[in-house]
Amino acid sequence: MNVRCSSLLCFFPCIGLLFWAWVSACASGQEVDEPPPVPRPLDIKVVPAMRLLAPAMVVQGNEIPDSRRENALRWIRGLIQRELHAIDQLCRLSSEQRQQLVNTAETQWKNRLATTIKGYIESHNPRQPFDFEMRVERLIGVWVGEHLNESQVSIWNAEIDSRNDMRKRLVIGLMVQDTERKLGLTAEQMELIDGALQERWKASWWSMYRTSTLPETKFSWISNILSDSQRTMGMDRGVTFSETYVQGGTIDLPSTSLKQRFEMSGVESDRSILLTGDQPSQELSNPPIEIRMRGEDAIDGPP
Amino acid sequence: MRSMAPPETRKPYGILSMIGLVAVCSIDMLGSRPGLSLCSAQEKIPSVLNRPTDSDTTDEPAVQARAGVQDVLFARDQLFDFAYQSLGGNKANFEQLFRRRVRLTLNRIDQLCSMSDGLKDKVLATAELERQRLDIDMASIVAEAPSRMTPQQFSAVNLKLQSILQRFQSKGSSVTVQMVFLWQKVLYSQLSSDQLKDVQTDEQNRNLFRQKTQRLETILKLSRRLGLTAVQRKRLETYGASYSGSFQEFESAWLHLQALPESEKREWFTNEQIEELSNDLEQSNEVRLLIIDGGN
């Protein structure tokens, strides 16, 4: 009985459709307004094939997860807070200077680093990590120049130089290790290559390292240190090492709550300055608006 | 002005539409009848995955059925791909890296204490034999495995393979001259005691260089996380040299510093840094580069 009913239910709409098809068949055979269509090589409407995308990619492409934005903000605030403590520890600030610094930091941090934050949260390339540390360091350098006296600035600059020196030693050390793996160096050769690379150091090598790329040691820089057989091996470009990207590891960035004010030795930022964490949650999920105050430039370039 | 289309340019859209509709309706009506639906017809066609194979003639499927749901089956050939993943990605790459590794060692030792060409050839030939032996060993393990395996069976066979591949994965982090392979034994047996001592010293210095670099990386990470000053970093660098094992990785260094006595922490760090140090490290989902060179 059910089978019959469903057959009938299908049948009546079909009659209607058949009538419509008959009418259209007649119309196509009758008079036409336009001249006869120019025959085309293939009169087939091309329908794009259905594409399957991984769910994660769809999410990444269309909307920014709140957690990614919040993480970026927390890490940047964490880094700024650590830097403020380091300044306080090294430069012997007056309470007035502390107040000025924390207020400036609280007011400006988000605008000054807007491009970095935006770049991070909208980045679809997980293989390109963002160097928040360097961006924050440059911003702090600007604030230090604005609010600290000359001797304090020189103390802070010495601290930055010490960091850069360590970074240089690290990147060159990794480059030497990489060369050792490729050419089979002795310890003495490693030291010599270390020295050769120190002379050719470029600050951009650190940025390259921070984005998971080790700068290349040019063969010409070190060829005079190598033996004949090592040189022969070094010129063999056919060998590739298996490189892969792995996910995971621990976070080496400090994280500070968005509701926690910047402080230095108990001096907090002014209560009149609105915190990011105080803003409504909907606003928090929007990308940062790049507002520049008068005479204020963004500290961060393109990511 | 209306014009009639010439008969040869008329397209039989109407007729085709009618035929199509009739076909659709017929299929729909047939589909409503029990036993004649398209779905039931599809169900009768055996899936490619469910087709019986020669291995099904054995008692494996019966065992699987008794065990419960065993949908995922691994082919025997997948074992090789899986085994070589940790050794340069694939067999060809591994072989290339292995030969290169032998060459690199020979070059380095030749630089330290001159070697004859005869000895070099002997070492290279031994290494080649050793690699061929690995192929034979692997093939014999894989040959014993069933052609289609459950995850458990696959894991068991893979474990056997890994046990023979383990020595090929060593990274050369020890401070002594490695004698893991036969070609290494042949090589070092031909050196005099003075030459061997030179090689040993060189090996130690190379390791010290590597450790120093890794320590620097760890200290810079600690500095980033804790906001250390130049004096604190310098102090940690000196301290880390004495506890090299702990300072090779950021995670172990963090745990090491957490475990320091309270008085020592107060001497080394500020209150804010101690507070930060009391936190556990969070896991990241970021991506980082890993280079697999099949040992050193």
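This is a predicted model: local features need pLDDT of at least 70, side-chain atom pairs count only at pLDDT 80 or more; totals for chains, interfaces and linings use all residues.
Let me start with Ser265(A), which is exposed because 12 other C-beta atoms lie within 10 Å of its own; with C-beta atoms placed from the backbone, a residue counts as exposed at 12 or fewer such neighbours, as buried at 20 or more, and as partly exposed in between. Ser265(A) sits in the loop between strand S3 (263–264) and strand S4 (267–268) of chain A, where strands are DSSP runs of E with at least two residues, helices are runs of H or I with at least four, and both are numbered from the N terminus. The phi of Ser265(A) is near 45°, a positive value in a residue other than glycine.

Residues are numbered from 1 along each chain as its sequence is written, and chains are lettered from A and ligands numbered from 1 in the order in which they are written.

A positive phi also turns up at Arg92(A), which is not a glycine and has a value of about 50°. Arg92(A) is found in the loop between H3 and H4 of chain A, and it counts as exposed because it has 11 C-beta neighbours inside 10 Å.

Now to the two chains as a whole. Chain A contains twelve helices and four strands, and of its 303 residues 25% count as buried. Chain B has 13 helices and four strands, with 21% of its 296 residues counted as buried. Two residues are in contact if their C-beta atoms, placed from the backbone, lie within 7 Å. Among the contacts in chain A between residues at least 6 apart in sequence, 78% join residues at least 24 apart, and in chain B residues 24 or more positions apart account for 67% of the contacts with a separation of 6 or more.

What does helix H3 of chain A pack against? One partner is H5(A), which H3(A) meets at an angle of about 145°, with the axes 9 Å apart; axes here are lines fitted to C-alpha atoms, for helices over the stretch in contact, and angles run from 0 to 180 degrees between N-to-C directions. H3(A) passes H5(A) in a right-handed crossing, a term used when the near helix is turned clockwise from the far one by less than a right angle, with anticlockwise being left-handed. On the H3(A) side the contact involves Arg68(A), Arg69(A), Ala72(A), Leu73(A) and Ile76(A), which meet Ile117(A), Tyr120(A) and Ile121(A) of H5(A). These residues divide into six nonpolar, no polar and two charged, where Ala, Val, Leu, Ile, Met, Phe, Trp, Tyr, Cys and Pro count as nonpolar, Asp, Glu, Lys and Arg as charged, and the others, Gly among them, as polar. Thr116(A) also lies in helix H5, and Thr116(A) is buried because 25 other C-beta atoms are within 10 Å. From Thr116(A) to Ala72(A) the C-alpha distance is 9.0 Å, although the two are 44 residues apart in sequence.

Another partner is H7(A) (residues 150–183), whose axis comes within 10 Å of that of H3(A) (residues 66–91) and crosses it at roughly 120°. That makes H3(A) oblique to H7(A), since angles under 35 degrees count as roughly parallel, over 145 as roughly antiparallel, 65 to 115 as roughly perpendicular and the rest as oblique. Here Ala86(A), Ile87(A), Leu90(A) and Cys91(A) of H3(A) touch Gln152(A), Ile155(A), Trp156(A) and Glu159(A) of H7(A), a set of six nonpolar, one polar and one charged residue.

Finally, the nonpolar cores, each a set of buried Ala, Val, Leu, Ile, Met, Phe, Trp, Tyr and Cys residues joined through C-beta atoms within 7 Å. The largest has 31 residues, of which Ile76(A), Ile80(A), Leu84(A) and Ala105(A) touch the most other members. Two or more residues each come from H3, helix H4 (95–112), helix H5 (114–122) and helix H6 (132–147) of chain A, and H3(A) gives the most, with nine. Leaving aside neighbours within four places in sequence, Ile76(A) is in contact with Trp109(A), Leu113(A), Ile117(A), Phe132(A) and Val136(A). A second, separate core of 26 residues includes Ile222(A), Leu236(B), Phe247(B) and Leu257(B).
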